[in-house]
Amino acid sequence: MSNEPVSILWADDEIDLLKPHVIFLENKGYSVTTVNSGSDAIEEVEEKNFDIIFLDENMPGISGLEALSRIKAMKPSIPVVMITKSEEESIMEDAIGSKISDYLIKPVNPNQILLSLKKNLDSKRLRSEKTTLGYQQQFRQIGMRLNDRLDWDEWMDLYKQIVYWDLELDQSGDPSMKEILGTQKEEANNQFCRFVEDNYFDWLDGSSDSKPNMSHTVFKNWVAPLIKENQPLFLVVIDNLRQDQWKVIQPLISELFTIEEEKMFYSILPTATQYARNAIFSGLMPSEIEKRHRNLWKNDEDEGGKNQHEEELLVEQLKRLGKSVKHSYSKITNVGFGKKVSENITNMADNELNVIVYNFVDMLSHARTEMEVIRELAEDESAYRSITKSWYEHSPLRDIMRGIAEMGGKMIITTDHGTIHVKNPVKVVGDRNTNTNLRYKKGKNLNYNHKEVFEVTNPADAYLPKTNVSSRFIFARGNEFFAYPNNYNYYVNYYRDTFQHGGISLEEMLIPFVICNPK
């Protein structure tokens with residue numbers, strides 16, 4: 001808050017009787033302008049800026065409620081405290097519907113006024129200070145945990161803690177603390193990458209006694225047990241949804257559902273749709289899909305869509321699991337089809353399983369790279385979260401979820417992988433057959449600095465297809481991305497500060513899995 005005194009406008013037709021209250025506030029350092037009618041209040045607001053307004057509800061001429069409506073039309077963000085003699089519910093509903101910040105019942109005393117001022121003007125500052133202090137206290141604890149040998153479960157807990165403070169510091173508006181958290185998150189990603197590289201192959205080949213649920217096991221272990229006869233289950237896969245994006249839309253979803261359980265699983269590598277989402281629906285690793293269902297798998301170099309057979313893979317998995325259930329599968333890639341699914345949602349009530357794949361967040365990520373207007377709208381992670389929330393608020397998906405809640409359907413929200421805000425380029429050279437993804441490369445003639453990547457020289461070790469005898473995969477770590485030496489500066493400037501997926505990071509690999517029950 002600036003050094004200027006807080007300016008108050010107080011409108012009451014009996015303002016002269018409130019002179020002691022005004023003097024009390026002025027002695028506390030507040031600047032108080034008084035008027036005795038709604039019309040005078042409106043004129044004052046037109047001409048001057050006030051920090052807060054106290055408005056009597058029952059004034060002759062223009063009433064307090066009418067004045068409130070006109071003031072909010074002019075300056076919607078200014079807090080207004082309604083003061084009324086009546087406790088009639090209809091008056092309060094009208095006032096609250098017009099977005100008052102507070103209301104007081106006459107006769108008011110000076111301490112009530114002071115408390116309302118502090119609540120409406122100081123709460124944001126106090127919240128910010130409390131948040132900053134809270135993170136400062138947690139900073140050391142998070143740092144100490146990073147020095148421990150964390151297991152896969154402890155990494156999920158630590159990542160949830162980092163996301164929590166990321167969102168809290170968003171609200172506090174303290175850029176120095178955000179910068180410190182950013183540095184700590186980068187260090188966490190460095191340690192997490194080493195952890196994954198040390199343990200990934202053991203998780204897959206069964207040699208590890210303790211391993212996380214992963215893309216290819218999550219349906220069998222967590223989804224299939226929830227499929228019940230005569231009870232519709234909806235599996236909603238929002239492509240590319242990070243943990244922090246889930247947390248910003250959670251309050252909106254909680255209007256319709258109670259959250260039964262929140263947990264996480266690990267995405268397989270590459271953390272890219274054609275690998276991770278096919279693994280979810282098939283219950284198999286990519287090389288196993290290629291071996292068992294050659295006609296349903298396409299490699300990077302093959303032409304055509306790589307996720308065209310998700311429903312067939314799902315059907316095969318249901319058969320293997322002995323789940324002979326009526327199901328539906330809908331993939332939504334545009335608003336028009338989203339509205340169509342929303343309109344037909346009641347027809348899914350008789351299915352034991354309904355899968356809905358929603359591609360918006362993935363499209364947002366690609367648009368963030370390719371379209372300048374989206375770059376400006378989502379310039380950083382905070383803005384990326386904000387645009388995700390705004391999309392959900394106005395999307396057919398919200399209508400779809402409302403329909404699921406109304407029919408009493410159980411719902412799972414999850415994703416296939418997240419994204420990472422990339423900053424640091426790593427040079428790699430590949431031939432014309434090398435894939436274009438910036439976070440992983442697959443090919444037979446790759447040149448790179450071995451220390452700068454996680455390399456899988458034998459794709460079979462990671463259960464990935466091996467298209468020829470010398471093909472290999474390399475993965476970018478943390479906030480790095482692959483760049484070609486030719487036209488290097490242009491390439492780096494174009495892709496730096498974009499959101500990418502395919503490699504190893506907390507944001508890409510740790511996947512939200514949320515079970516929701518209708519209210």
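Charges first. The chain carries 61 positive and 79 negative side chains, and the centres of the two sets lie 6 Å apart. Lys and Arg count as positive, Asp and Glu as negative, with His and the chain ends not counted. Each charge is placed at NZ of Lys, CZ of Arg, CG of Asp or CD of Glu.

A word on the source. This is a predicted model, where local features need pLDDT of at least 70 and side-chain atom pairs 80 or more, while totals for chains, interfaces and linings use all residues. Residues are numbered from 1 along each chain as its sequence is written, and side-chain values use heavy atoms, leaving out hydrogens and water.

Now the pairs. The structure holds 28 salt bridges, meaning a side-chain nitrogen of Lys or Arg within 4 Å of a carboxyl oxygen of Asp or Glu.

Take Glu381. Lys185 bridges to Glu381, with the closest N and O atoms 2.8 Å apart. Lys185 sits in helix α7 and Glu381 in helix α16, so the pair ties together parts 196 residues apart in sequence. Helices are DSSP runs of H or I, at least four residues; strands are E, at least two; both are numbered from the N terminus.

Arg242 also forms a salt bridge with Glu381, at 3.4 Å between the closest N and O atoms. Arg242 and Glu381 are both buried. Buried means under 20% relative accessible area, exposed over 50%, partly exposed in between, with a 1.4 Å probe and protein chains only.

Next pair: Lys410 and Glu260, 2.7 Å from N to O. Lys410 is in strand β10, Glu260 in strand β7, 150 residues apart. Lys410 is buried at 11%; Glu260 is partly exposed at 42%.
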